[in-house]
Amino acid sequence: MSADLGHRHENPYAGQGSVLLDIGGEIGALVVTMPSSMLGDEIEVVTDHEAPGHHRPHVAVVPRPLGAGDVPSLVFPALVEGSYALVPKGTDDVHLMVDVRGGEVTSAAWPA
């Protein structure tokens, strides 16, 4: 990514190429279209059976190539089939609920 978004990412190359999805059986993937104002923000997935103190998987919102331009999005490449809440990292403020099915890619849009 050539623009400095003022954030340190665990993966500085995120958003520069294809995403490898590891789906099949009970494992699905989630792709969420995000507002451009959220570029660089990190989003966590939360399950209803999460244990206290459990590490929540999180990914950053990055511009991903789509057609003639870039689309701000986030991708969780391997999630066990089930229902998930999406929250800004470090909060419990649910912004989106999604159901992920094994062997499929679920698409959603972050509410404006």
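Okay, so let's start with Val46: its bridge partner in strand 6 is Ala85. Before I go on, this is a predicted model, where local features need pLDDT of at least 70, side-chain atom pairs count only at pLDDT 80 or more, and totals for chains, interfaces and linings use all residues. Residues are numbered from 1 along each chain as its sequence is written, and side-chain values use heavy atoms, with hydrogens and water left out.

Strands here are DSSP runs of E, at least two residues, numbered from the N terminus. Two of them pair if DSSP finds at least two bridges between them. Strand 2, residues 42-46, and strand 6, residues 82-88, have four bridges and run antiparallel.

That pair belongs to an open sheet of four strands, ordered 3-2-6-7, with antiparallel pairing. Strand 3 (58-60) and strand 7 (96-100) each have a single partner strand, so one side of each has no neighbour in the sheet. From one strand to the next, the twist averages 30°; the axes are lines fitted to C-alpha atoms, with angles from 0 to 180 degrees between N-to-C directions.

Now, His55. You'll find His55 in the loop between strand 2 and strand 3. His55 is exposed, at 56% relative accessibility, where exposed means over 50% relative accessible area (1.4 Å probe, protein chains only). Its C-alpha is 10.0 Å from that of Val45, ten residues away along the chain.

On to the other open sheet: four strands again, order 4-5-1-8, mixed pairing. Strand 4 (62-66) and strand 8 (105-109) are at the edges here, and the twist averages 40° from one strand to the next. Strand 1, residues 27-33, pairs with strand 8 in parallel over five bridges, and Thr33 has Ala109 as its bridge partner in strand 8.

Definitions and conventions
Buried < 20%, exposed > 50% of the residue type's maximum accessible area, 1.4 Å probe, protein only.
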